[in-house]
Structures are given as C-alpha cells and as structure tokens.
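Subject: Handing over the structure

Hi,

Here is the structure I promised to pass on to you. Please open it next to this message, and then read on for what I found in it.

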Amino acid sequence: MAGLKTGPSRFVTRRTFLRNSALAAAAIGLTPSGVLGAPGRTGANARLVVANIGVGGMGMTHVFNMLRFQQEGKVQIAAVCDVDDNRLEAAVENVGAGVIPYRDYRYVLERKDIDAVLIATPDHWHAVQTVHACETGKHVYVEKPASVTVREGQAMVTAARANRVAVQVGAQARTAKGAWQTCRAIRNRIVGKVNRVSCWHYANPVDEKPVSDSPPPDGLDWDMWLGPLPWRPHNGRYQPANFRWLLESGGGQIRDRGAHQFSTILWCMNADHQTSFTVEASGRPPTRGLWDCPIDMNVVYRFRNPDWTLEWGQPGNKVGQTEFGNVFWGEHGHLILEWEGGYRPANPEAIHFQLPPGGQEVYRTDEYEDFNMNHKADWFKAIREGHLRPAVDIEIGHRTATLCNLGNLSYLLGRRLAWDGEKQEVIGDPAANRLLARPQRYPYVL
Amino acid sequence: MTLPPTGCLHAPSAILMCSDRHRGASRGSTCAELISATGTGLGATLAPASEPVNDLVRRLRSPDEQINGPACQAAVAYGAPAVRPLLALLAEPDFELSRRAKRALYAMVRYAGRPGANNEARDLEIELLGGLSTGTNASRRHVLWLFSEIGSARAVPSISALLSVAELREDARCALMRIPGRRSTRALRAAFAAAPEDFKYALADSLRQRGEKVDGYPSQKRLPTRQTTVTPSLGKAK
C-alpha cells in the first residue's frame, strides 16, 4: 500500500523533510516548464509541473483530471497536499510514485520546480492560498466560489495581475458545451430581449444531528483546517464536506451552485461589465444545529442599463426537471438551462439553434468533451499562449462571487443593499461595508 | 424596548412586521404573527421592558423548535434590554441554547447596524460591553466578533484589555481590525509594544494593514510549519 504512515516520519525535522522533498523532486527530474520557454512563459510544448492542494471531494476530480493530462504528457503531478492525512494518503496512492505529500501548502509554494497549483479546499481558504500562490509565481486553478468576502476577491485579482499569472476559477460552465449552446442562443435573441432570469434550487440541509464539540479525528490538523477562521474547538458537523452549510466557510448553495449559475448567466447575458446592482434577500434560518445557512432563500438582484432582474430561489420556481437550473425569460418566450449546462445537455431549442445572418458567435475552448477537462485545458492554453486570461479569469470569478456574497450579506443584515461596482462598496451603509472584509487569524492572512 | 425604525413609529408589532421582512419569518408570516401564535402577546401596548424580555428568554429556553425558533427570529426587536439575558444564555453549557442566543445576538447587532439607527447601535454596544468581562472564554470570543461588527471607539479599551489574554488575544486583534479610526490603531500599537514575542508578528501585520510602519517582525504568512505523517509512494508512477 502506498503512502503508509510510519512511526519515524512523525518526528522528521524540517531540514530532513525539505532535503527529502528536494531529493525526491530531483530523482524524478522535474524541471519547471518556464525553463523550456521564454522568460515568464512556458514553452509551447512544455509539460507543466503541477500540485493539487486539497484532495477531498472535488479535489480528487482534479487529481484524476491531472492524471489523464499526465498520461497525455501535458503535466507532471509533483505534489499533493491536504490537512487530513487520511485523504492525503488516498491521493498519494492514486497518483503513485514520484508525488510528494504535504500537509502545509506553503511547502508546495516553496518549490521552485512547480509551475501551477489546483486549489480545492473549503471556501474560506481559497483567497489566502490563491494570493500566496500568485506571490510565488504559480499559476492557479481555484475552485468556485473564488472568495468568501469582496475584499478577498479584490486581493486575488490584484495578486494575479501583479505577478503575471493565470488564475482560472472552477466554474466550468463557460467551457461546457451545453452552456455555450445556450449562451449563443440567448445572445442572438432566441427568446428576444431577456428581462428576467430565475434560478431554482432545492433547499439547504438542516443539521439534524447536532453533536457537542470533540477532539479532531486522527490525522486531521484542525488548526490548519480552520486556517483564517476564528479558532474554536472541533465539532464533527464541520467536516468532511459539511463546511458548505456554514455561512463563513461554505455560504450554502447560493455560493456553491449559485457560483456556477451566476457565472453562466452573466456570460449568456453578456453582462460581465454590469458590476453595479441592488440586492435584496430573505430566507428561513434553521432552528437547530451547527449549520446556519438559510433553509429556503430568495434573492433578487436588479441591474440597470440594460435593465434586467436575476432571481435566486430555494426552492424558487422550478420550471425544469432536474435538481437545479435557471430560466431566461424573454419577450418571445423562455429558455431553460438545467444544471449549468455542464453535466446536463442544453435545451434542444438551444442545441439546434442556427446563428442568424450577422449573428454573434461565442468563443469556447473545445479540446475535450468532458467539461472538467476542458476547463483545465482552457487554463493551460492561457498559460501556454501567455495571455493569462482563461475563460473564468479571476476578475470574472470575483464578480460572480460578489453576487453570491452580497446575497448572503443582504440575508444576514435583513436589508436591501445598493452595490457600487466601480467603488466596490455598499452605498450609504457603513455597517455593511465593514462586513466586506473579514479579519483573518494569523498567520493565515492575505 | 428599542426605538422603532424609520417608517414604523407605532406599536411593537409594527416594528416586527417591518424588521422581519428579510429576517426570514417562515413562509410569509410576520414576526408579529409568530409572536402572537406562540403566546407572547406583545400587542400594541408595550408591557414593562423586563417582562417581554423575560418571556423571550423563556421561549428561547424552550426545547420546542416551534417556540424557540420564532423567538430567535423575533429577538431583533428587543434591542439593548435583551442583551444581558442573552449574554447569560450564550455562556450556557447547553450548546443548542448557546447557539440560539448567539444567533439572536447577531441578528440584533445586524439590525441595529442599519443606516440611521445610531442611537440603537450605541445602546446595544454599551450593553454588550458587559459580555467582555463576564462569561466563559468561548462566550467572550463570540462577543468580540459581535463588536467587530458594531463596535466603535467606545469599545476599544475593553477589547484592548483582552489582547493580553492568551486565549482571546487573536479574536480581540481581529475585532479591533474592523473598528475604524485612530483609537483602535493606537490600541494595536500599544499592544505591540507590550506583547510577548510570539504575538508581535500578528500585531505587526495588523498595523501594516492600517498603513503603520513597523520595524522587524516580517510576515510569517508564507512560512511553512506543519508536517504530514504520510510518506511518498514507493510504487509505480501512474
């Protein structure tokens, strides 16, 4: 069995650890791809050296994607990292020889041979790890939502630009076929001018089995799991995976599926530039348990010039057949998009839509049928070509996360917020603006 | 009882109807309806402040979610007079009761933070100060984060005092980071001068974020420290 825990390794010194890591990297002959290309750019046929940070759930999807790219000679997986040794061991076993395991992502960032990292940690870690990776010159693929606060998102954009790296946010629909077919149909007015987009999604779960605090399970570094969050004792309802149901670490479905849907909707509506809006949210809070996400939730965003409304609904007005989706309501009818056009095909009307004379075509990377692979291929392309602007560049990911985060903020504050996208502040509401940033526990800071 | 918000200058029930629109009263019912249904009977005539608050506490203590849930949602309307009883609940060992108190306090703080409610926010802040000197460390930690949302210069001395308490100092630092103005910056500077060496790095980071110059104590944010027990695979590369 690979990645066995052994007694002596518990007492390894930092010096020994670094030496062993360096020797292991040297033994498998890893060379950063930039060595083979022009300064600041990878060579056209260079193999990127990558590391996966966070290898539970979606993180393992990324590992398996990277294994396929590795088989195709496009990447070399140099490291895997997780704060839970049990998950880390499983990842090592899957990747096989040559990969170095780490608990602390900062060891990964110290390695000069690594070009790029894929981050799939709980949301409260995304911004800190992305900013630090950018600062060490790594390209980043980070799971959605990009951030948990507006100020984190701004810092991510700044770090990407200052360090000239490509940061792709994992809202894959913009490289998925179903969403692309819907996008070109909507943009070319299949239903006329769209004035409203409504989303439906099932409710957030309630913590039906609350438990008292307890020591963390063997192998989990609880302090590192919390990272930037305020310290508190471990509770078995935080993890694994349950982080999604706490507003501070997961933000509920509006920040999970919502991040997918809002990204796709902004794309279809050609509205990435519409950064100012009002937001008004209501919800039904849980009455027990650790989780605090609202069970039901309704959020209405109003955009101006052009005028349109975006509605998030849990459960909302379910028009399609699947668990979640959205509807574009236009002058001449409506068009449904189930899921976000990734794991489900587009509506047949969109699939068969013929571009009218003079119509507007929409670009999409189409190297792979699997949209998870395709989204990463798009990221590689941005790195390889040196333009550093993948399909869901961090600026777009930040704007999408801003919709999610301000939806939750409006719910928490119980009032309508008017958002100035230019200044990135709530108009006339100092208390709301205070919550656009969250102080982070040292040293897990931006 | 709190002052009515703008546009709701009548009975407490009207206050609740206004305030609960976004607070998530279930399925369109207003907080006034919920209170009526659970027998609070605040009604149009305000009872002495203590009795409604005592009743709120009784309902929060109820193990019946049909009673404690609506009570938690309705707490926003009780304002400053309800703070001390809620702080007492926050420190209770029953974790579900403590959570309800925490959620009620957060709802109150966020409601009082709305534009134009400065007096309400001030009254709430003054009452919350008591929560920094009493209760458990866990409850005081929550109070510090409440102050991060509503605290003003008035709260800075009480928060600063906790910068020397090992278990609470990091939360106190974070709370001060969210309080605007020179007073909180001066408090961070004073704490930096007196802090033990291992805490100076965090305080230095806070001061730099506020545009202050600090000699030494470089950022440790990218310094790796945590090591895994998992070893590399000896098998084949895949």
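Helices and strands here are DSSP runs, a helix having at least four residues and a strand at least two, and they are numbered from the N terminus. Please keep in mind that this is a predicted model.

**Chain B**

From the N terminus on, its elements read α-α-α-α-α-α-α-α-α-α-α-α-α, which comes to 13 helices and 0 strands. The chain has 238 residues, and 45% of them are buried. Among the contacts in chain B with a separation of 6 or more, 59% are between residues 24 or more positions apart.

One helix to look at is α4 of chain B, residues 65-74, which is mostly covered: 8 of its 10 residues are buried. The buried ones are B:I67, B:N68, B:G69, B:P70, B:A71, B:C72, B:Q73 and B:A74.

**Where the two chains meet**

Chain B puts 49 residues in contact with 60 residues of chain A. On the chain B side, at least two residues each come from α4, α6 (95-112), α9 (137-150), α11 (169-178) and α13 (197-209). Sorted by class, that side of chain B holds 15 nonpolar, 17 polar and 17 charged residues.

The contact between them involves 27 residues from domain 1 and 32 residues from domain 2. On the domain 1 side, the elements that give two or more residues are α3 (85-95), α5 (123-135) and α6 (150-162) of chain A. Of these, α6 of chain A gives the most, with 5 residues. That side of domain 1 divides into 12 nonpolar, 9 polar and 6 charged residues.

**A sheet in chain A**

Chain A has an open sheet of 6 strands in the order β3-β2-β1-β4-β5-β6, with parallel pairing. The edge strands, each pairing on one side only, are β3 (100-102) and β6 of chain A. On average, neighbouring strands in this sheet are turned by 20° against each other, direction ignored. At one end of the order, β5 (residues 139-142) of chain A runs parallel to β6 of chain A and is joined to it by 3 bridges. For a landmark, A:V142 has A:V169 as its bridge partner in β6 of chain A.

A:V83 sits in the loop between β2 (75-81) and α3 of chain A. Is A:V83 buried or exposed? A:V83 counts as buried, because it has 29 C-beta neighbours inside 10 Å. Leaving out residues up to four places away in sequence, A:V83 touches A:R103, A:L220, A:D221, A:M224 and A:W225. A:V83 and A:M224 are 141 residues apart in sequence, yet their C-alpha atoms are 6.3 Å apart in space.

**Backbone details in chain A**

Most residues other than glycine have a negative phi, and most peptide bonds are trans. Here are some places that depart from this.

- The peptide bond from A:Q239 to A:P240 is cis, with omega near 0°; A:P240 is in the loop between α8 (222-226) and α9 (257-268) of chain A.
- The peptide bond from A:Q314 to A:P315 is also cis, with omega near 10°. A:P315 is in the loop between β10 (308-314) and β11 (324-330) of chain A.
- A:R164 is not a glycine but has a positive phi of about 50°. A:R164 lies in the loop between α6 and β6 (167-169) of chain A, and it is partly exposed, with 13 other C-beta atoms within 10 Å.
- A:N270, not a glycine either, has a positive phi of about 55°. The loop that holds A:N270 lies between α9 and β8 (277-284) of chain A, and A:N270 counts as partly exposed, with 14 C-beta neighbours inside 10 Å.

Enjoy looking around!

Best wishes

Key
Residues numbered from 1 in each chain as written. Chains lettered and ligands numbered in written order. Predicted model: local features only at pLDDT ≥ 70, side-chain atom pairs only at ≥ 80, totals over all residues. Contact = placed C-beta atoms within 7 Å. Nonpolar A, V, L, I, M, F, W, Y, C, P; charged D, E, K, R; others polar. Buried ≥ 20, exposed ≤ 12 C-beta atoms within 10 Å, placed from the backbone. Pairing = 2+ DSSP bridges. Axes fitted to C-alpha atoms, helices over the stretch in contact; angles between N-to-C directions.
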